[in-house]
Structures are given as C-alpha cells and as structure tokens.
Amino acid sequence: MAMTLNKCLFNVLFFFLAFAMLLPALDAKNEPQMDKYWKLRAHKSFIEAQKAYNPDPKMVTDSIRESIGRFLRGYMNFELSMRRNLMKRYEGPCLATNPIDQCWRCDPNWGKNRKKLADCAIGFGRNAAGGKHGRFYIVNDTSDDILNPKPGTLRHAVIQPKPLWITFARSMIITLKEELMVNCNKTIDGRGYNVHIAYGAGITLQYVQNIIIHNIHIHDILPGAGGMIRDSTEHVGLRTQSDGDGISLFGATNVWIDHVSMYRCGDGLIDAIMGSTAITISNSHFTNHNEVMLFGANEKHEQDKFMQITVAFNHFGKGLVQRMPRCRLGFFHVANNDYTHWLMYAIGGSSNPTIISQGNRFIAPPNVSAKEVTKREHADESEWKNWTWRSEGDLMMNEAFFVQSGNPNYDPKTNETLFAAKPGHMVTSITRFAGTLRCKKGFEC
C-alpha cells in the first residue's frame, strides 16, 4: 500500500497478533471499523498504554497530595477572606486557587508562552504533552467538511500527522457535522476567546496519545449519523453512528482535559473506555446532564484493569443526576472536587474498581433516598465489601455519607500536614474558577 505512516502509526507488526488476541469481543455499539489503518493505530495505542501504566498508582496519588500541600501552605492566609466573598463575581487581581492554575494563570505573558501549560498537569495525565513539540495552528473558519476539511478549520487541524498547538482567531461556535477524529499530539487551546463546540457531534480520541483539551465549552452534543469520515490526512474510514458523547476516549493514552465547561450531551459528557489510561480531568465545570462520566463500558474489557484516571478540582453543579464518575476495573483518584448537586448518586462503579476519594465536598440532595454518595452496581455486598473504595478528608454535608469498603488499613496518606486545614471546607475556593476562563492576551488570566 502506497501510504506513508507517521510516527503516531508506527508499525510494529510482530506484536500485533498478540495484542489482537488480548482484545475481547466488543459490543456492537462500541466496535470501530478495524481496517488495516485502525489495526495499526490500535496496536500503537496498546504499546503506549503499557508504557504509561504505573504499577504503583499510590505514588501518583501521593504526588498529588504533595503538590496540593505545598500550594495550600502558601494559600492559608488568603482562604478565609475568599470564602466570605464566594457568592460575588470575582473582579480582583489574578488568583490561582490550586497548583495547576498556579503554574501558569497569573503570568500576564501566558499568551506568548502558551506551551507552558503542557508542564502544569498533575495526576495520571501529567505526561500529556499535547502539541508542545509542534508549531501553532490558528483556527479561523467554523465550517466543517468531514471528507475534505478546509485549511483553517478545526477538523483540518486535528487530522494533521505532526504535533500541533491549536488556537483560535476569535470567539466562535463550531458545529461538527460528524464526530471530530483527533490525531496524536494535539492541544486544543481556547484561551483568549469564547469557543464552543455545540449543536452537532462531539470529540473522539480513538487510539491516540498526547492530547490536551483546554478552555472550551462543549454542549448540546448530538449523536452523529456515521458514514465516511476523514480521520487523518492519509485515511478516510467508515464510522458507525456516534453516541453523542461530549468527549469520547477509546484506547487513548496520556490525555489531559482542563478548564472545560460541559453540559447537555446526547450520551456521556466524558467517556473513557477500551484501555484508555493515563488521564487527568481537572478544573472543569459540569452541569445539566444525566450520565456525566463513564470510565469502562463493559466488565469483559479486561484491558480496562490498566485504566488510571485522576479527577481533581472540578465542580459538579446544577442539574446532574449520576456518574461523577461511574467506574469499572481500574484505579481512580477523585480529589478536591466540589459536588454541590446530584439526583441519584455521585460516585459509582462495578467490577471491582479501586476508588480513592480525598478532600472532596459532598452536599447531598434533599431526597432522603439519595443521601449516599456511592453506588455499587451488579454485585452483592458479599462481593463489593472487598472492593477498595476509601474516603479520606471528605466533607459530608446535608447528611451525605460515603460507604467505604475494602481493606480498612489501606491508607494513601503519607504526610499528616497536607490536609490539616480542613480540605473539604477549602474545596469551594479551590474550585472557584472551575470551567472555562475569560482570558485576555496581555493580562493575567
């Protein structure tokens, strides 16, 4: 075949047959069109997932504690005055209320040093480089041609073979005709403008590595009809109908989603399945949705045992029902999030996931039957009592309660001083700037 594969599609055929044997049969709903192109990408993603997997995930949770602890020790004197003014729209000097934001937000030259952002992630997705090692690409056209994308459009940018740091020429609403198939080593950076992906299909990260999605609105996403869609400069493939996820991760590795605002999508806001791993979701605002996040779609997908995801500094707000997140099989660190609304439950799971909840605030709804933060599914207590679900330093309000399970001696805490300042009470200020930011070039963000 006269086709030159870029580095993202590097062909290591010797290992491919072994990998194919490891994959269980997929549900028809989730089955991609596995032509030769996608088989090569699937193989590459499997290799990258193996590299990204951390055999000691506790080391990553401890590193988050340390970064938060260092930040909070310099933040204590300010926190009380912040709490008195949380109901007001902040109009003062730049405030970086968590260690990710402290890394870049209060630099007035952030617009000239955009790629500094790539060094600011924490958690399992901390190695996501995005387009750090590539050139800038400016999106100036909101149109969307799924077969022959025009230069200057978002679809044209994300299918390019080389790393790119993608920015926007102005505020815009982009309505995608079909799911946006993103190639490896891309940053989608909406800082400086008001950028919406809305009223059409969502973003798909399938068998890709090194993706950063930052400071965009994603909402009112609809299922796509499918059909022939260009997914790289070299390949057009047949896609089945998309589910309507805001962001769908399928075998994706080293992904960081930060400062996004998401609501009203056809299926999930963020779904991560089929061996996706090394992911951080941070500083984001989620509202008005039923099934918010799904991590692992089927207990038969054994590769999800290697899934490792950090959910930190997010605000789960009005109009949410469940799955914040809903987990299977992997390891999930849920730290310093503000849960102010849910109708059914906040954190759920099945198939023996490990869930470590630290320093979150949970405000239960008025419904007396929905006070429990947690929900185990498809298992009797005799089974789930052995699952490791631990709560440490969480603030429970309005009769909220977290049912712990597993080894009672499992303790990821290494330094007693890191959460000494009532971290649950601090979550309101830590997550105050969750969601998209109103950044202006030449000024602190």
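# Notebook: salt bridges, rings and strands

**Entry 1. Arg-155 and its partner**

I started at Arg-155, which counts as buried because its relative accessibility is 1%. The model I am reading is a predicted one. I then looked for the charge facing this arginine. Arg-155 makes a salt bridge with Asp-144, and the closest N and O atoms are 2.5 Å apart. What does the pair tie together? Arg-155 belongs to helix α6 (residues 154-158), while Asp-144 sits in the loop between β1 (135-139) and α6, so the bridge joins parts that are 11 residues apart in sequence. Asp-144 has a relative accessibility of 6%, so it counts as buried.

**Entry 2. Other salt bridges**

How many salt bridges does the structure hold? I noted 13. The background is simple: side chains of opposite charge can pair when their charged atoms come close.

I took Lys-150 next. Its salt bridge goes to Asp-141, with 3.1 Å between the closest N and O atoms. Is Lys-150 buried or partly exposed? Lys-150 reaches 43% relative accessibility, so I logged it as partly exposed. Asp-141 stands at 18%. Buried means under 20%, so Asp-141 counts as buried.

Then I moved to Arg-264. This residue forms a salt bridge with Asp-220, the closest N and O atoms lying 2.8 Å apart. Arg-264 is in strand β14 (residues 261-265) and Asp-220 in strand β9 (residues 217-221), so this bridge ties together parts 44 residues apart in sequence. I looked up the cover on each side. Arg-264 is partly exposed, at a relative accessible area of 43%. Asp-220 is buried, at 16%.

I also found a network. Salt bridges link Arg-114, Asp-189 and Arg-191.

**Entry 3. Charges over rings**

The charged end of Arg-191 sits over the ring of Trp-104, 4.7 Å from the ring centre. The charged end of Lys-115 sits over the ring of Phe-136, at 4.9 Å from the centre.

**Entry 4. Aromatic pairs**

I counted eight aromatic pairs in the structure. Phe-286 and Phe-316 make one of them, a stacked pair with 5.3 Å centre to centre and 25° between the planes. Where do these two residues lie? I placed Phe-286 in strand β17 (residues 285-287) and Phe-316 in strand β21 (residues 315-316). The pair thus links distant parts of the chain, 30 residues apart. Both Phe-286 and Phe-316 are buried.

Phe-316 has a further stacked partner, Tyr-339: 4.5 Å centre to centre, 10° between the planes. Tyr-339 lies in strand β25 (residues 338-339) and Phe-316 in strand β21, so the pair ties together parts that are 23 residues apart in sequence. I checked the accessible areas. Phe-316 is buried at 0% relative accessible area. Tyr-339 is buried, also with a value of 0%.

Which residues make up the aromatic cluster? I listed Phe-286, Phe-316, Tyr-339, Trp-342 and Phe-362.

I asked why strand β8 (residues 209-214) is described as largely enclosed. Six of its six residues are buried, so the rest of the structure largely encloses the strand.

I then looked for its pairing partners. Strand β5 (residues 186-189) pairs with β8 in the parallel sense, over four bridges. Within that pairing, Thr-187 has Ile-212 of β8 as its bridge partner. Strand β13 (residues 253-258) also runs parallel to β8, and five bridges join the two. There, Ile-211 has Val-255 of β13 as its bridge partner.

**Entry 5. A nonpolar patch**

Last, I turned to the surface. Which residues form the nonpolar patch? I found Leu-147, Met-228 and Leu-238, which together have about 260 Å² of accessible area. Met-228 has a relative accessible area of 42%, so it is partly exposed.

Terms used:
Residues numbered from 1 in each chain as written. Predicted model: local features only at pLDDT ≥ 70, side-chain atom pairs only at ≥ 80, totals over all residues. Heavy atoms only, no water. Patch = residues over 30% accessible without salt bridge, like charges linked within 9 Å, V, L, I, M, F, W, Y side chains within 5 Å. Areas by Shrake-Rupley, 256 points an atom, 1.4 Å probe, with all protein chains shown as cover. Salt bridge = Lys/Arg side-chain N within 4 Å of Asp/Glu carboxyl O. Buried < 20%, exposed > 50% of the residue type's maximum accessible area, 1.4 Å probe, protein only. Phe/Tyr/Trp six-rings, centres within 6.5 Å; stacked < 30°, edge-to-face > 60°. Lys NZ or Arg CZ within 6 Å of the ring centre and 35° of its normal. Pairing = 2+ DSSP bridges.
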